[in-house]
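Let's walk through this fold together, starting with a sheet and moving out to the helices and the aromatic rings. Keep the viewer open as you read.

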Amino acid sequence: MLKVAICGASGYTGAELLRLLQGHPDVQVVALTSQRHQGKSPLELYPHLQAYGHLRYEPLQPERLLRKADFFFLALPHRTAQPAVEYFFKAGKMAVDLSADFRLRDPLVYEQWYQVPHHHRDVLRKAVYGLAELHRARIRRATLVANPGCYPTAALLALYPALKAGLIEPGGIVVDAKSGTTGAGRQSNESFSFSEVNEDFRPYSVACHRHTPEMEQEVARIAKRPVRLSFVPHLLALDRGILCSIYAPLRKGTSTAQVLALYRRTYAKEPFVKVLPEGQMPRLKAVRGTNFCHIAAVVDERARRLVLLSALDNLVKGASGQAVQNMNLMAGLPETQGLLGPALMP
């Protein structure tokens, strides 16, 4: 039985980790931390988490946690995860970091976009980017995995087969994505209140969202050349889900059927990626609460563009579910363990 601690367990990603791990047969959650809710039961914040009534949120004291757990999830805010990740890594423990602190390979790029120095560059060099569909072998050997961001997961899974096959021009990619409000975290902010969000739909962080360099880094890895892309996120008036529309110039003539055949070959053995039949489009309800990503492709012959569409749950495949998937790989467990539940429809 793998003993697990969740640092930052009172946020949405922490709560989603608890929901998913409740059905995991090989995991025992032994510790939860929260700075704001020390001493409280998880049930006071999330009444649906009945299995964890015996636990209490405690302060993040790495030395104490080290004696309790074998595996650590760090669902801490960006910029604050660095010292805890460094401590557990150097203590020889396995960890998945859900913040952005260890995703960007170049510390100067991290410092430019997050406006803080990276104090643990030696550990940064050892972190593995945790998109299993691209880096499964490395994740299996890793002790520290940087869990991808939600928007990059949706975009990269959609882009990967076309980029790998050289179908599209990497320099002309436009990523147009929409997310539910849980993507902003469990925070008190009037712009995310019901009255502000309901009956509305708005873009934000246009051309300056912090997931941009993460997408560019991974697209450049696949394309084997530096890449600049355009990314425009939007806020949807719903709790969870990401729908991503991507537009990329085609390098050569092809058909929708040929592109879909390529995608089906690429993802044939992937347990959590579903390539939809021609003419069928992704729906957020179809992936809500699951670790699946649904992908569609359409060739726009008139404009000579490939249109890619992907949908996932930002709290599951975009965060906590992907973290559990990475834990399974790192710990030598079946990759799908605890992650095959049906969508939360309607």
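Two strands are said to pair if DSSP finds at least two bridges between them. Helices (H or I, at least four residues) and strands (E, at least two) are DSSP runs, numbered from the N terminus. The model is predicted, so local features need pLDDT of at least 70 and side-chain atom pairs count only at pLDDT 80 or more, while totals for chains, interfaces and linings use all residues. Residues are numbered from 1 along each chain as its sequence is written, and side-chain values use heavy atoms, with hydrogens and water left out.

With that settled, look at the sheet. Seven strands make up an open sheet with mixed pairing, in the order β9-β10-β8-β11-β14-β13-β12. At its edges stand β9 (202-203) and β12, each with a single partner strand, so one side of each has no neighbour in the sheet. Further in, strand β8 (residues 174-179) and strand β10 (residues 230-235) run parallel and are joined by six bridges. Here Val 174 stands opposite Ser 230 in β10.

Now follow β13 (residues 293-300), which has a partner on either hand. Strand β12 (residues 273-275) runs parallel to β13 and is joined to it by three bridges; Val 273 has Cys 293 in β13 as its bridge partner. With strand β14 (residues 305-312), β13 pairs in the antiparallel sense over seven bridges, and Ala 296 stands opposite Leu 309 in β14. β13 and β14 form a hairpin with four residues between them, and Arg 304 in the turn has a positive phi of about 55°. How many of the residues of β13 are buried? Six of its eight are, where buried means under 20% relative accessible area, exposed means over 50%, and partly exposed lies in between (1.4 Å probe, protein chains only).

Next come the helices. Helix α11 lies across β12, β13 and β14, running at about 150° to β13. Axes here are lines fitted to C-alpha atoms, for helices over the stretch in contact, and angles run from 0 to 180 degrees between N-to-C directions. Elsewhere, the axes of helix α7 (residues 132-141) and helix α12 (residues 316-330) come within 9 Å and cross at roughly 35°. Where contact means heavy atoms within 4.5 Å, Ala 132, Glu 133, Arg 136, Ile 139 and Arg 140 in α7 meet residues of α12 including Lys 317, Gln 322 and Leu 329.

Finally, the rings. Rings of Phe, Tyr and Trp (its six-membered ring) pair if their centres lie within 6.5 Å; planes under 30 degrees apart count as stacked, over 60 as edge-to-face and the rest as tilted. By this rule there are seven aromatic pairs. Among them, Tyr 110 and Tyr 114 are stacked, 5.0 Å centre to centre with 15° between the planes. Both lie in helix α5 (residues 107-114), four residues apart, about one turn of the helix, and both Tyr 110 and Tyr 114 are buried. Phe 272 and Phe 292 instead form an edge-to-face pair, at 5.5 Å centre to centre and 70° between the planes. This pair links distant parts of the chain, 20 residues apart: Phe 272 is in the loop between α11 (256-266) and β12, and Phe 292 in the loop between β12 and β13. Phe 272 is buried, with a relative accessible area of 0%, whereas Phe 292 counts as partly exposed at 22%. Ring pairs also link Phe 72, Tyr 87 and Phe 88 into a cluster.
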